[in-house]
Amino acid sequence: RLENHYFFNKGFFEYDDQLLRNVDIIRHIPTVIVQGRYDIVCPARSAWDLKKAFPEARLEIVPDAAHSGFEPGIVSELVKATDEFASL
């Protein structure tokens, strides 16, 4: 239900590229973008566009994953990033 609430409200963005346009607001936050290579729900182009606008972020393309946060490669990268953030 929560996910549908966000989809219905367009993520509460005023325009489609709001994150890219306003990346300066979050530029100071350590960021890791985790993207499955075979994700057809959120294509890798979106992650690449964010990385280009936000070069301080690290982009991890998981070669054997698609969209699910439960895929082993995705889980591994998320845990790795979380552990790194915990040490900041």
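Helices (H or I, at least four residues) and strands (E, at least two) are DSSP runs, numbered from the N terminus. This is a predicted model, in which local features need pLDDT of at least 70 and side-chain atom pairs pLDDT 80 or more, while totals for chains, interfaces and linings use all residues. Residues are numbered from 1 along each chain as its sequence is written, and side-chain values use heavy atoms, without hydrogens or water.

Q: Which element gives the most to the lining of the second largest pocket?
A: A pocket is an open set of points on a 1 Å grid over the protein atoms alone, where a 1.4 Å probe fits, with protein on both sides within 12 Å along at least five of seven lines; lining residues have an atom within 4 Å of a point. The lining here includes V34, Q35, G36, I74 and L78. At least two residues come from each of β1 and α4 (72–86). With 3 residues, the most is given by β1.

Q: How many residues does α3 give to the lining of the largest pocket?
A: The largest pocket has 18 lining residues, and F13, L19, C42, S46 and L50 lie nearest its centre. Two or more residues come from each of α1 (2–8), α2 (18–21), β1 (32–36) and α3 (44–53). The largest share is that of α3, at 4 residues.

Q: How many residues in the lining of the second largest pocket are charged?
A: Asp, Glu, Lys and Arg count as charged, Ala, Val, Leu, Ile, Met, Phe, Trp, Tyr, Cys and Pro as nonpolar, and the others, Gly among them, as polar. The lining of the largest pocket holds 11 nonpolar, 3 polar and 4 charged residues. In the second largest pocket, 5 lining residues are nonpolar and 5 polar, and the number charged is 1.
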